[in-house]
Amino acid sequence: MAMIAALAVQAVQMLLVLALSPLLVGFVRKVKARLLRRQGPPLIQPYRDIVRLLRKDVVLANSASWLFRAIPYLIFAATWVAAALVPTFATGLMFSWSADLIAIIALLGLARFFLALAGLDVGTSFGGIGSSREVMIASVAEPAMLMIVFTLALAAGSTQLSTMAEYLASGEAGLRFSLGLALIALIIVAIAENARIPVDNPATHLELTMVHEAMVLEYSGRHLALIDLSAQLKLLLYVSLIACLFMPWGIAAPHAGPGVLLIGVAAYIAKLAVSGFLLAVFETSIAKMRVFRVPEFMGAALMLALLATLLLFVSRSL
(Lines give C-alpha, C1' and ligand atoms only; values in the text may rest on other atoms or scores of the structure.)
Protein backbone atom coordinates (compact mmCIF):
# COMPACT_ATOMS: atom_id res chain seq x y z
CA MET A 1 0.00 0.00 0.00
CA ALA A 2 2.84 2.38 0.82
CA MET A 3 4.44 1.60 -2.55
CA ILE A 4 1.20 2.43 -4.38
CA ALA A 5 0.84 5.70 -2.46
CA ALA A 6 4.44 6.69 -3.27
CA LEU A 7 3.90 5.92 -6.95
CA ALA A 8 0.68 7.94 -6.95
CA VAL A 9 2.37 11.00 -5.42
CA GLN A 10 5.23 10.74 -7.94
CA ALA A 11 2.72 10.46 -10.81
CA VAL A 12 0.87 13.51 -9.50
CA GLN A 13 4.08 15.52 -9.59
CA MET A 14 4.85 14.45 -13.17
CA LEU A 15 1.34 15.33 -14.33
CA LEU A 16 1.32 18.55 -12.31
CA VAL A 17 4.41 20.01 -13.98
CA LEU A 18 3.08 18.97 -17.39
CA ALA A 19 -0.31 20.58 -16.75
CA LEU A 20 0.96 23.81 -15.17
CA SER A 21 3.73 24.64 -17.65
CA PRO A 22 1.42 26.10 -20.35
CA LEU A 23 -0.57 27.91 -17.66
CA LEU A 24 2.60 29.61 -16.38
CA VAL A 25 3.41 30.88 -19.88
CA GLY A 26 -0.15 32.08 -20.36
CA PHE A 27 -0.07 33.85 -16.99
CA VAL A 28 3.17 35.67 -17.87
CA ARG A 29 1.71 36.78 -21.21
CA LYS A 30 -1.48 37.97 -19.54
CA VAL A 31 0.36 39.98 -16.89
CA LYS A 32 2.63 41.55 -19.52
CA ALA A 33 -0.39 42.54 -21.59
CA ARG A 34 -2.17 44.07 -18.59
CA LEU A 35 0.97 46.01 -17.62
CA LEU A 36 0.99 47.42 -21.17
CA ARG A 37 -2.74 48.27 -20.83
CA ARG A 38 -3.84 45.64 -23.33
CA GLN A 39 -6.41 42.90 -22.92
CA GLY A 40 -4.02 40.15 -23.91
CA PRO A 41 -4.74 36.51 -24.74
CA PRO A 42 -6.67 34.30 -22.31
CA LEU A 43 -4.77 32.25 -19.76
CA ILE A 44 -5.59 29.00 -21.55
CA GLN A 45 -4.28 30.19 -24.93
CA PRO A 46 -1.10 28.06 -24.72
CA TYR A 47 -3.28 24.96 -24.27
CA ARG A 48 -5.29 25.94 -27.35
CA ASP A 49 -2.12 26.46 -29.37
CA ILE A 50 -0.79 23.02 -28.44
CA VAL A 51 -4.09 21.33 -29.32
CA ARG A 52 -4.24 23.24 -32.62
CA LEU A 53 -0.71 22.16 -33.54
CA LEU A 54 -1.44 18.54 -32.63
CA ARG A 55 -4.36 18.53 -35.07
CA LYS A 56 -2.25 19.84 -37.96
CA ASP A 57 -0.28 17.73 -40.39
CA VAL A 58 3.50 17.66 -40.25
CA VAL A 59 5.34 19.33 -43.15
CA LEU A 60 8.93 18.20 -43.55
CA ALA A 61 11.68 19.67 -45.70
CA ASN A 62 13.15 17.44 -48.42
CA SER A 63 16.57 17.61 -46.77
CA ALA A 64 15.30 16.58 -43.32
CA SER A 65 16.71 13.33 -41.98
CA TRP A 66 15.16 10.77 -39.64
CA LEU A 67 16.91 12.51 -36.76
CA PHE A 68 14.99 15.71 -37.50
CA ARG A 69 11.72 13.82 -36.95
CA ALA A 70 12.93 12.08 -33.77
CA ILE A 71 14.47 15.11 -32.05
CA PRO A 72 11.16 16.67 -30.80
CA TYR A 73 10.33 13.47 -28.91
CA LEU A 74 13.84 13.28 -27.42
CA ILE A 75 13.74 16.92 -26.32
CA PHE A 76 10.30 16.53 -24.77
CA ALA A 77 11.25 13.34 -22.91
CA ALA A 78 14.49 14.78 -21.50
CA THR A 79 12.86 18.06 -20.44
CA TRP A 80 9.82 16.40 -18.87
CA VAL A 81 11.97 13.99 -16.86
CA ALA A 82 14.20 16.84 -15.67
CA ALA A 83 11.20 18.97 -14.68
CA ALA A 84 9.53 16.06 -12.89
CA LEU A 85 12.66 15.37 -10.82
CA VAL A 86 12.68 18.84 -9.24
CA PRO A 87 10.80 18.76 -5.89
CA THR A 88 7.71 20.92 -6.32
CA PHE A 89 5.26 20.34 -3.47
CA ALA A 90 7.06 17.58 -1.54
CA THR A 91 10.53 16.18 -0.92
CA GLY A 92 11.60 12.58 -0.55
CA LEU A 93 9.43 11.26 -3.37
CA MET A 94 9.92 7.81 -4.79
CA PHE A 95 12.40 8.89 -7.46
CA SER A 96 14.07 11.59 -5.36
CA TRP A 97 17.26 9.49 -5.25
CA SER A 98 17.72 10.34 -8.95
CA ALA A 99 16.86 14.04 -8.50
CA ASP A 100 20.50 15.06 -8.61
CA LEU A 101 21.18 18.61 -9.75
CA ILE A 102 24.09 17.51 -11.94
CA ALA A 103 21.85 14.89 -13.60
CA ILE A 104 19.21 17.56 -14.30
CA ILE A 105 21.86 19.82 -15.88
CA ALA A 106 22.97 16.86 -18.00
CA LEU A 107 19.40 16.23 -19.19
CA LEU A 108 18.99 19.89 -20.11
CA GLY A 109 22.33 19.84 -21.92
CA LEU A 110 21.21 16.77 -23.86
CA ALA A 111 17.99 18.52 -24.91
CA ARG A 112 19.97 21.61 -25.92
CA PHE A 113 22.37 19.51 -28.00
CA PHE A 114 19.55 17.87 -29.93
CA LEU A 115 17.79 21.21 -30.45
CA ALA A 116 20.95 22.77 -31.89
CA LEU A 117 21.41 19.68 -34.05
CA ALA A 118 17.85 20.05 -35.36
CA GLY A 119 18.61 23.64 -36.40
CA LEU A 120 21.59 22.41 -38.42
CA ASP A 121 19.96 19.30 -39.89
CA VAL A 122 17.84 20.96 -42.57
CA GLY A 123 20.68 23.23 -43.68
CA THR A 124 18.90 26.60 -43.61
CA SER A 125 20.76 29.78 -42.76
CA PHE A 126 18.34 30.71 -39.96
CA GLY A 127 18.78 27.33 -38.30
CA GLY A 128 22.55 27.67 -38.40
CA ILE A 129 22.43 31.16 -36.91
CA GLY A 130 20.13 30.04 -34.10
CA SER A 131 22.22 26.96 -33.32
CA SER A 132 25.46 28.93 -33.18
CA ARG A 133 23.90 31.51 -30.86
CA GLU A 134 22.42 28.78 -28.65
CA VAL A 135 25.82 27.10 -28.31
CA MET A 136 27.45 30.46 -27.57
CA ILE A 137 25.03 31.05 -24.69
CA ALA A 138 25.38 27.48 -23.44
CA SER A 139 29.17 27.72 -23.36
CA VAL A 140 28.86 30.24 -20.50
CA ALA A 141 25.55 29.14 -18.96
CA GLU A 142 26.62 25.56 -18.24
CA PRO A 143 29.82 26.49 -16.34
CA ALA A 144 27.79 29.03 -14.36
CA MET A 145 25.24 26.34 -13.48
CA LEU A 146 28.00 23.99 -12.35
CA MET A 147 29.48 26.67 -10.10
CA ILE A 148 26.01 27.25 -8.62
CA VAL A 149 25.76 23.50 -7.98
CA PHE A 150 29.15 23.52 -6.24
CA THR A 151 28.03 26.41 -4.03
CA LEU A 152 24.83 24.69 -2.95
CA ALA A 153 26.59 21.33 -2.58
CA LEU A 154 29.19 22.88 -0.26
CA ALA A 155 26.41 24.34 1.86
CA ALA A 156 24.11 21.30 1.99
CA GLY A 157 26.74 18.57 1.69
CA SER A 158 24.94 16.89 -1.22
CA THR A 159 23.88 17.49 -4.82
CA GLN A 160 20.47 15.88 -4.35
CA LEU A 161 17.67 18.43 -4.57
CA SER A 162 15.63 16.93 -1.73
CA THR A 163 18.60 17.18 0.62
CA MET A 164 19.30 20.75 -0.48
CA ALA A 165 15.68 21.78 -0.03
CA GLU A 166 15.44 20.20 3.42
CA TYR A 167 18.71 21.84 4.51
CA LEU A 168 17.70 25.31 3.32
CA ALA A 169 14.20 24.94 4.76
CA SER A 170 15.55 23.95 8.16
CA GLY A 171 17.12 27.37 8.69
CA GLU A 172 20.61 26.00 9.34
CA ALA A 173 22.02 27.86 6.34
CA GLY A 174 20.82 31.25 7.59
CA LEU A 175 21.37 34.39 5.54
CA ARG A 176 24.57 33.95 3.58
CA PHE A 177 25.96 36.40 1.07
CA SER A 178 27.26 33.51 -1.05
CA LEU A 179 23.77 32.04 -1.41
CA GLY A 180 22.47 35.44 -2.49
CA LEU A 181 25.11 35.60 -5.22
CA ALA A 182 24.18 32.08 -6.30
CA LEU A 183 20.51 33.09 -6.50
CA ILE A 184 21.29 36.08 -8.74
CA ALA A 185 23.48 33.90 -10.96
CA LEU A 186 20.74 31.26 -11.21
CA ILE A 187 18.17 33.89 -12.22
CA ILE A 188 20.47 35.19 -14.97
CA VAL A 189 21.06 31.65 -16.25
CA ALA A 190 17.32 30.92 -16.16
CA ILE A 191 16.57 34.03 -18.23
CA ALA A 192 19.18 33.10 -20.83
CA GLU A 193 18.30 29.40 -20.97
CA ASN A 194 14.62 30.14 -21.53
CA ALA A 195 15.30 32.75 -24.24
CA ARG A 196 13.60 35.53 -22.29
CA ILE A 197 14.18 39.26 -22.44
CA PRO A 198 16.85 40.76 -22.42
CA VAL A 199 18.66 37.79 -24.00
CA ASP A 200 15.94 36.88 -26.50
CA ASN A 201 12.33 37.80 -27.18
CA PRO A 202 10.08 34.71 -27.30
CA ALA A 203 7.41 36.67 -29.22
CA THR A 204 9.59 37.84 -32.12
CA HIS A 205 10.35 36.29 -35.50
CA LEU A 206 12.92 38.86 -36.62
CA GLU A 207 15.82 36.90 -38.07
CA LEU A 208 18.46 39.30 -36.73
CA THR A 209 17.49 38.67 -33.10
CA MET A 210 16.10 35.13 -33.01
CA VAL A 211 17.83 32.42 -31.00
CA HIS A 212 15.33 29.75 -30.02
CA GLU A 213 12.80 30.46 -32.78
CA ALA A 214 15.46 30.28 -35.50
CA MET A 215 16.19 26.63 -34.68
CA VAL A 216 12.55 25.51 -34.86
CA LEU A 217 11.34 27.43 -37.91
CA GLU A 218 11.18 24.25 -40.00
CA TYR A 219 9.01 22.37 -37.53
CA SER A 220 5.22 22.13 -37.76
CA GLY A 221 2.30 20.11 -36.49
CA ARG A 222 2.84 17.76 -33.57
CA HIS A 223 6.61 18.23 -33.76
CA LEU A 224 6.27 21.95 -33.11
CA ALA A 225 3.72 21.25 -30.36
CA LEU A 226 6.22 19.02 -28.55
CA ILE A 227 8.99 21.61 -28.87
CA ASP A 228 6.73 24.40 -27.59
CA LEU A 229 5.62 22.23 -24.69
CA SER A 230 9.26 21.41 -23.94
CA ALA A 231 10.10 25.13 -23.83
CA GLN A 232 7.21 25.70 -21.41
CA LEU A 233 8.39 22.80 -19.25
CA LYS A 234 11.89 24.26 -19.21
CA LEU A 235 10.60 27.60 -17.92
CA LEU A 236 8.62 25.80 -15.23
CA LEU A 237 11.70 23.75 -14.35
CA TYR A 238 13.85 26.79 -13.64
CA VAL A 239 11.08 28.51 -11.67
CA SER A 240 10.60 25.31 -9.67
CA LEU A 241 14.35 25.05 -9.13
CA ILE A 242 14.54 28.58 -7.73
CA ALA A 243 11.49 27.94 -5.56
CA CYS A 244 12.85 24.60 -4.33
CA LEU A 245 16.30 25.89 -3.41
CA PHE A 246 15.70 29.47 -2.31
CA MET A 247 11.99 29.49 -1.39
CA PRO A 248 11.47 26.06 0.20
CA TRP A 249 8.54 27.20 2.31
CA GLY A 250 5.51 24.98 2.34
CA ILE A 251 7.19 21.93 0.80
CA ALA A 252 5.83 18.79 2.41
CA ALA A 253 8.22 16.51 4.24
CA PRO A 254 8.73 12.87 3.19
CA HIS A 255 5.80 10.52 3.95
CA ALA A 256 3.48 13.46 4.70
CA GLY A 257 -0.27 13.05 4.85
CA PRO A 258 -2.77 14.16 2.17
CA GLY A 259 -3.55 17.44 3.97
CA VAL A 260 0.11 18.46 4.11
CA LEU A 261 0.54 17.50 0.45
CA LEU A 262 -2.39 19.70 -0.54
CA ILE A 263 -0.84 22.60 1.38
CA GLY A 264 2.39 21.93 -0.52
CA VAL A 265 0.55 22.03 -3.86
CA ALA A 266 -1.13 25.33 -2.92
CA ALA A 267 2.20 26.81 -1.82
CA TYR A 268 3.84 25.67 -5.06
CA ILE A 269 1.12 27.25 -7.20
CA ALA A 270 1.47 30.48 -5.23
CA LYS A 271 5.23 30.49 -5.84
CA LEU A 272 4.63 30.00 -9.56
CA ALA A 273 2.20 32.92 -9.60
CA VAL A 274 4.60 35.24 -7.78
CA SER A 275 7.53 34.20 -9.98
CA GLY A 276 5.48 34.64 -13.16
CA PHE A 277 4.35 38.08 -12.06
CA LEU A 278 7.92 39.17 -11.28
CA LEU A 279 9.12 37.82 -14.64
CA ALA A 280 6.42 39.78 -16.47
CA VAL A 281 7.30 42.97 -14.60
CA PHE A 282 10.99 42.49 -15.36
CA GLU A 283 10.41 41.87 -19.07
CA THR A 284 8.19 44.93 -19.47
CA SER A 285 10.69 47.21 -17.71
CA ILE A 286 13.80 46.28 -19.70
CA ALA A 287 14.75 46.27 -23.37
CA LYS A 288 16.33 43.45 -25.30
CA MET A 289 20.11 43.70 -25.53
CA ARG A 290 22.21 43.18 -28.62
CA VAL A 291 23.34 39.65 -29.36
CA PHE A 292 27.00 40.58 -28.91
CA ARG A 293 26.25 41.81 -25.38
CA VAL A 294 24.88 38.44 -24.29
CA PRO A 295 28.32 36.94 -23.45
CA GLU A 296 28.95 39.86 -21.09
CA PHE A 297 25.57 39.29 -19.45
CA MET A 298 26.26 35.58 -19.04
CA GLY A 299 29.82 36.28 -17.91
CA ALA A 300 28.37 38.22 -14.98
CA ALA A 301 26.45 35.09 -13.94
CA LEU A 302 29.62 33.00 -14.17
CA MET A 303 31.61 35.47 -12.09
CA LEU A 304 28.87 35.71 -9.46
CA ALA A 305 28.63 31.92 -9.21
CA LEU A 306 32.41 31.60 -8.96
CA LEU A 307 32.56 34.28 -6.29
CA ALA A 308 29.78 32.54 -4.35
CA THR A 309 31.69 29.26 -4.44
CA LEU A 310 34.92 30.89 -3.28
CA LEU A 311 33.24 32.81 -0.46
CA LEU A 312 31.47 29.73 0.84
CA PHE A 313 34.63 27.62 0.58
CA VAL A 314 36.69 30.21 2.46
CA SER A 315 34.03 30.62 5.15
CA ARG A 316 33.87 26.86 5.72
CA SER A 317 37.67 26.65 5.88
CA LEU A 318 37.97 29.26 8.61
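The model is predicted, with local features needing pLDDT of at least 70 and side-chain atom pairs counting only at pLDDT 80 or more, while totals for chains, interfaces and linings use all residues. Residues are numbered from 1 along each chain as its sequence is written, and side-chain values use heavy atoms, with hydrogens and water left out.

**Overall fold**

The chain holds 11 helices and zero strands, where helices (H or I, at least four residues) and strands (E, at least two) are DSSP runs numbered from the N terminus. For 318 residues a compact globule would have a radius of gyration near 20 Å, and the chain agrees with its 20 Å; this radius is taken over C-alpha atoms, and the globule rule is 2.2 Å times the number of residues to the power 0.38. The C-alpha trace spans about 60 × 45 × 45 Å along its principal axes. Of the 318 residues, 50% are buried (under 20% relative accessible area, with a 1.4 Å probe and protein chains only).

**Pockets**

A pocket is an open set of points on a 1 Å grid over the protein atoms alone, where a 1.4 Å probe fits, with protein on both sides within 12 Å along at least five of seven lines; lining residues have an atom within 4 Å of a point. Grid points are joined across faces, edges and corners, and a volume is the space filled by probe spheres set on the points.

| Pocket | Volume | Lining |
|---|---|---|
| Largest | about 1100 Å³ | 46 residues |

Nearest the centre of the largest pocket lie Arg-29, Pro-202, His-212, Glu-213 and Asp-228. Among the elements that give two or more residues to this lining are helix H1 (2–35), helix H5 (125–156) and helix H9 (221–246), and H9 provides the largest share, eight residues. The lining of the largest pocket divides into 26 nonpolar, seven polar and 13 charged residues, with Ala, Val, Leu, Ile, Met, Phe, Trp, Tyr, Cys and Pro counted as nonpolar, Asp, Glu, Lys and Arg as charged, and the others as polar.

**An aromatic pair**

Three aromatic pairs are counted, the rule being that rings of Phe, Tyr and Trp (its six-membered ring) have centres within 6.5 Å, with planes under 30 degrees apart counting as stacked, over 60 as edge-to-face and the rest as tilted. The pair of Phe-68 and Tyr-219 is stacked, because the ring centres are 4.1 Å apart and the planes lie at 0 degrees. Since Phe-68 lies in helix H3 and Tyr-219 in the loop between H8 and H9, the pair ties together parts 151 residues apart in sequence. Both Phe-68 and Tyr-219 are buried.
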